[in-house]
Amino acid sequence: MTLFESNRLGSHQLENRVVMAPMTRTRTSAGDVPNALMAKYYGQRASAGLMISEATDIAPHGKGYLWTPGIYTDAQIAGWQLVTNEVHRNNGKIFMQIWHVGRMSHTSMMPEGQAPWGATDEQAIGSDVFAHDAEGKLTFVRASKPRQLETDELPALINDFKTAFSNVRKAGFDGVEIHSANGYLFEQFMNATLNTRDDQYGGQTFENRTRFLLAVVDAAIAELGAGSVGVRLSPFGHYNSMPDDPLGEETFFHLCDELNRRGIAYIHLLYELMPKGNMQEVTEFNERHLPDEFVRKTRDIFKGAIIWCGSFNKESAQVALATGWVDLIAFGRPFIGNPDLVARFKNDWQLTVADRSAYYTRNGEKGFTDFPNFSM
């Protein structure tokens, strides 16, 4: 098995096993609307077997970072159609990653300045979100204290996801990835330490902890079909101040069993574990990978495709594929400076390392679409 072999992913035939990972890039127009510049960016990188869009807000109350796109207005749907048309014109496949950040937001971004919505009212101490500070500067600020979602609010929130899935289809995406990793709302429910609720979505049992996510997965399947649905997960993760969870494996394997039973296209795992706080504050990052036995058990339970993501290069990706535990490898940062990453891998051409300071700027094409294809 190599990176360059075709692969069947749910309902879709992919040209290769290279996935472009979801990456927030903050290039939307006013109203969180995708635009022609974003269409150019995604179109340039369409040689990936599968592209996964940057995380996209299902509704204003799900927003946690400025300039991230939405999928809840007609203008946003039209903007995303520019993107999907350009990707398909270049023979690519693209899934939209959707999210709700839960407690990982700031009052300045929430409708009417309300508190962020959390599984509980516990604040993410020490974690930041991308917003305007008190002087109006665009920077990272501490996440605000959330309020706990009431039980009777959750059906309406699930309905917001249903609407989002319908809009994903209207925008022309090939499928959807539900972002259930990195300390955002779904993981806030699934973490048995953080989730101190006492209702049917509470932390007492793995059925309760996964109930909200599985309801949303079922809504996605109803709209798009199981073969066009993926779920991103970060087992053992502490990113965005997630606490240790002694029941994390129990919850994860129950979820894998339920997702397998539903026949979804894939699960997307962060194979390299991220630090507890936010990446911009990390001075030393001692990477740690998912344990082999854990991965083997995941492969035994889940029969759909498994994507791994976590600082892979071409060589380590090939080694990973050779284990047989994984079907595709996702690359993030290498795609920023190398729109033709697949060709560079295939031909052993030199990679461009993009300047990290340009990742989240608002400087038009600079650091976004101005990276050329390789030239001899």
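Arginine 89 and glutamate 86 are 3 residues apart in helix α2 (residues 74–89), and therefore they are separated by about one helical turn; helices here are DSSP runs of H or I with at least four residues, numbered from the N terminus. The two form a salt bridge in which the closest N and O atoms are 2.7 Å apart, where a salt bridge is a side-chain nitrogen of Lys or Arg within 4 Å of a carboxyl oxygen of Asp or Glu. This is a predicted model, in which local features need pLDDT of at least 70 and side-chain atom pairs count only at pLDDT 80 or more, while totals for chains, interfaces and linings use all residues. Residues are numbered from 1 along each chain as its sequence is written, and side-chain values use heavy atoms, with hydrogens and water left out.

**Salt bridges and exposure**
- Arginine 89 counts as exposed because its relative accessibility is 57%, whereas glutamate 86, at 22%, counts as partly exposed; buried means under 20% relative accessible area, exposed over 50%, and partly exposed in between, with a 1.4 Å probe and protein chains only.
- Aspartate 57 forms a salt bridge with lysine 63, with 3.1 Å between the closest N and O atoms; aspartate 57 counts as buried at 0% relative accessibility, and lysine 63 counts as buried at 7%.
- In helix α6, glutamate 258 and arginine 262 lie 4 residues apart, about one turn of the helix, and they form a salt bridge whose closest N and O atoms are 2.7 Å apart.
- Across the whole structure, a search finds 17 salt bridges.

**The second largest pocket**
- The second largest pocket has a volume of about 350 Å³, a pocket being an open set of points on a 1 Å grid over the protein atoms alone, where a 1.4 Å probe fits, with protein on both sides within 12 Å along at least five of seven lines; the volume is the space filled by probe spheres set on the points, which are joined across faces, edges and corners.
- Of the 21 residues that line this pocket, Glu187, Pro235, Phe236, Asp245 and Gly248 are the closest to its centre, and lining residues are those with an atom within 4 Å of a point.
- Helices α4 (185–190) and α6 (248–262) each supply at least two lining residues, and α6 gives the most, with 5 residues.

**Arginine 356**
- Arginine 356 lies in the segment after α10 (341–347) and counts as partly exposed, at 42% relative accessibility.
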